[in-house]
Amino acid sequence: MKFNLIAGLTLAVMAVSSVSQAQQQPASNYNYHDAFAPFFYTKNGNEYRAADGEPGPKYWQNRADYQLSAHLNDQTDEIIGSEVLTYTNNSPQKLDFLWMQLDQNLFKRDSRGTAITPVTGSRNGGHGEVFDAGYKIKSIKIMSGKSSGTPLKFLITDTRMQVFLPEGVDAEGGQVKLGIEYSYIVPEYGSDRTGILKTINGKIYTIAQWYPRMYVYDDVMGWNALPYTGPSEFYLEYGDFDLSITAPANHIVVASGELQNPKDVYTTEQLKRWAEAEKSEKTVMIRTADEVTDASSRPSGKKELTWHFKIKNARDVSWASSAAFIVDAAKMDLPSGKKSIAISAYPVESNGNDAWGRSTEYVKKSIEYNSAKWFEYPYPAATAVAGNVNGMEYPGIVFCGYRAKKSQLWGVNDHEFGHTWFPMIVGSNERLYGWMDEGFNTFINTLSTADFNNGEYAGKKQDIHKMAPVFTRDGLDPILTNPENMKEAYTGILLYYKPGMGLTMLREQILGPERFDYAFKTYINRWAFKHPTPDDFFRTMENVSGESLQWFWRGWFANNWKLDVAVSNVKYVNNDPSKGALITLDNLGQMAMPVVLEIKTKSGKVDRLKLPVEIWERNTSFVVKYPSTEEIESVTYDPDKDFPDINSDNNVWKK
């Protein structure tokens with residue numbers, strides 16, 4: 001476009017006038033060059049990750065398939081396990097060693113995680129329990145190639161194990177198979193993710209991080225071999241799992257995936273109940289409270305039973321075992337008609353219609369909603385377990401607090417099974433980007449809660465103005481901070497609520513539900529069972545919605561910026577209200593957001609005016625012309641309190 005010199009000079013004079021006028025306004029921290037700067041992304045698109053946010057034509061990821069067996073000794077709390085790992089290297093590089101996670105070593109007294117636990121206590125770690133903690137790796141052997149049967153050299157450093165391969169694993173499809181023998185003692189409290197609850201009818205074991213697991217090798221960082229210290233969660237490869245759990249015969253075992261041998265571990269009557277539950281919309285009791293202390297509710301004749309489960313295309317498996325379990329179930333209705341069942345296992349202490357007696361109903365409705373809304377639930381069963389873990393998610397199974405009731409139990413079941421979508425389906429790196437699973441899940445929980453029983457547990461609409469000073473307080477880290485670097489007191493804000501609120505604003509106020517939902521669903525489908533980064537999410541949302549959102553990511557996610565918009569003045573054209581009103585808005589904070597104004601006139605008429613975020617693209621102060629026909633009594637910025645404005649005192653102009 002040809003530049004007009006005269007027009008350019010005229011604009012320059014107008015700009016000087018605007019600056020002079022702005023200098024008379026309240027002091028502003030807003031810099032539109034910062035807010036709308038280009039080049040937000042960390043790198044350009046490439047052959048692995050495209051510029052539009054989808055996997056590139058040469059995207060790859062490695063695979064880990066596991067055959068696992070474990071023996072539970074409920075007298076010593078020891079698990080003796082064996083593992084056959086088949087690791088497939090799809091990367092362009094040959095790998096001479098593997099890195100594996102030994103998360104149980106967190107609970108050793110000399111671990112890094114124990115050393116950094118504050119004296120005031122923490123959710124992380126083992127709560128000071130002194131016991132023979134950590135893995136005992138008895139042997140690692142290679143079970144493939146020329147060196148099959150050969151013991152392998154390995155080096156354990158805190159929660160990490162490096163396994164050296166004499167022949168390496170070839171690039172682009174090479175495989176290696178390892179056999180590992182190990183054991184460990186289950187902690188009573190394992191960083192609120194695994195543990196043992198003592199009930200009147202026996203211990204409840206909630207077992208997680210229980211086998212050596214592969215670290216992810218990816219195109220972003222290579223080996224993601226970060227130590228496990230407790231605050232951040234997991235980043236894992238996908239694969240198929242075959243697991244066998246041997247436990248005392250009076251125990252019931254539930255686990256990720258589908259039970260393969262129900263006739264070996266349930267009574268004839270219980271098998272009939274399972275068949276009924278698979279067809280029932282209502283919860284069916286498999287083992288009642290009265291039957292928990294009845295020996296005939298378990299198969300007789302053996303001291304131990306082995307439970308066999310399988311799950312495909314998952315990133316992890318967990319299980320629970322107890323003689324104290326009440327068990328109930330109901331079928332789930334998935335969009336494709338695929339068979340899946342909701343299950344709950346809990347002690348008599350948790351029984352009741354205001355407590356875990358409704359758990360299966362909650363699981364069923366939560367999963368059915370999210371399956372229809374975003375992406376179909378991929379597993380054959382969904383099991384909620386009551387224990388001393390207050391809330392933790394794994395593929396096909398979650399652990400929740402045994403004391404939870406009513407809205408609290410709905411909330412924890414809905415949240416933990418919401419994690420099926422983030423990070424079980426969309427496998428983001430929780431170690432670095434906890435907000436990509438916790439925050440996204442917090443957001444989808446708001447929609448599923450509003451839907452459940454027509455809002456049975458839906459709370460009142462949030463006043464974002466009251467929350468804003470907390471969510472953008474001085475000294476608060478940005479959302480994009482590594483979880484390991486966050487103060488524990490702030491993780492709830494930064495990992496859960498602030499990113500969740502950000503997605504709600506993006507959906508309701510910036511893109512609108514239709515555009516947002518299509519873009520968000522596209523992101524899930526693009527990255528299902530893959531490993532996205534923040535850039536992949538940001539780019540997908542922009543490209544699919546057709547909206548540049550770098551100003552939004554920069555203000556809400558990458559920085560701890562504040563929003564403070566003031567309605568500073570109202571004048572009339574030629575001092576005549578019938579000719580239109582000139583409303584002056586000042587951006588006093590650092591963040592840009594769209595504007596919603598509520599205008600009340602002398603006669604009582606109420607009108608709404610919406611302005612796009614682009615009014616702040618080159619202005620710190622903006623004058624809006626409103627087609628008034630009479631005097632204005634008041635102008636209110638953000639009347640519904642949908643934006644995180646920190647100062648409500650300057651949001652209203654009154655005559």
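The following dialogue examines selected local features of a predicted model.

Trainee: Why is the pair formed by W374 and F520 called edge-to-face?

Mentor: The ring centres of W374 and F520 are 5.1 Å apart, and a pair requires centres within 6.5 Å. Their planes stand at 80 degrees, and planes over 60 degrees apart count as edge-to-face. The pair is therefore edge-to-face. A search of the whole structure finds 52 aromatic pairs, this one among them.

Trainee: What makes this pair a tie between parts of the chain that are apart in sequence?

Mentor: W374 belongs to the loop between α6 (359–373) and β22 (381–387), whereas F520 is in helix α12 (residues 513–527). The pair therefore ties together parts that are 146 residues apart in sequence. Both W374 and F520 are buried, a term that denotes under 20% relative accessible area.

Trainee: How do you know that the charged end of R539 sits over the ring of Y41?

Mentor: The charged end of R539 is 4.3 Å from the centre of the Y41 ring. The distance criterion for such a contact is within 6 Å, with a further limit of 35 degrees from the ring normal. K373 likewise lies over the face of W374, at 5.4 Å from the ring centre.

Trainee: What makes the backbone at H127 and N574 worth noting?

Mentor: Most residues other than glycine have a negative phi. H127 has a positive phi of about 55 degrees although it is not a glycine, and N574 also has a positive phi of about 55 degrees without being a glycine. H127 is located in the loop between α3 (112–115) and β4 (136–142), and N574 in the loop between β25 (565–572) and β26 (581–587).

Trainee: Why are H127 and N574 called exposed?

Mentor: Exposed denotes a relative accessible area over 50%. H127 has 52% and is therefore exposed; N574, with 62%, is exposed as well.

Trainee: Which peptide bond is cis, and what is its omega?

Mentor: The bond joining F422 and P423 is cis, with omega about 15 degrees. P423 lies in helix α8 (residues 420–425).

Trainee: How many cavities of 30 Å³ or more are there, and what lines the largest?

Mentor: The count is three cavities of 30 Å³ or more, and the largest cavity holds about 70 Å³ of space. Its lining includes R49, D218, Y235, N429 and H531. By class, this lining has six nonpolar, four polar and two charged residues. R49 and D218 line the cavity, and Arg and Asp count as charged.

Key: Residues numbered from 1 in each chain as written. Predicted model: local features only at pLDDT ≥ 70, side-chain atom pairs only at ≥ 80, totals over all residues. Heavy atoms only, no water. Phe/Tyr/Trp six-rings, centres within 6.5 Å; stacked < 30°, edge-to-face > 60°. Helix = DSSP H or I, 4+ residues; strand = E, 2+ residues; numbered from the N terminus. Buried < 20%, exposed > 50% of the residue type's maximum accessible area, 1.4 Å probe, protein only. 1 Å grid on protein atoms, 1.4 Å probe; cavity = no way out; pocket = protein on both sides within 12 Å on 5 of 7 lines; lining within 4 Å. Points joined across faces, edges and corners; volume = space filled by probe spheres on them.
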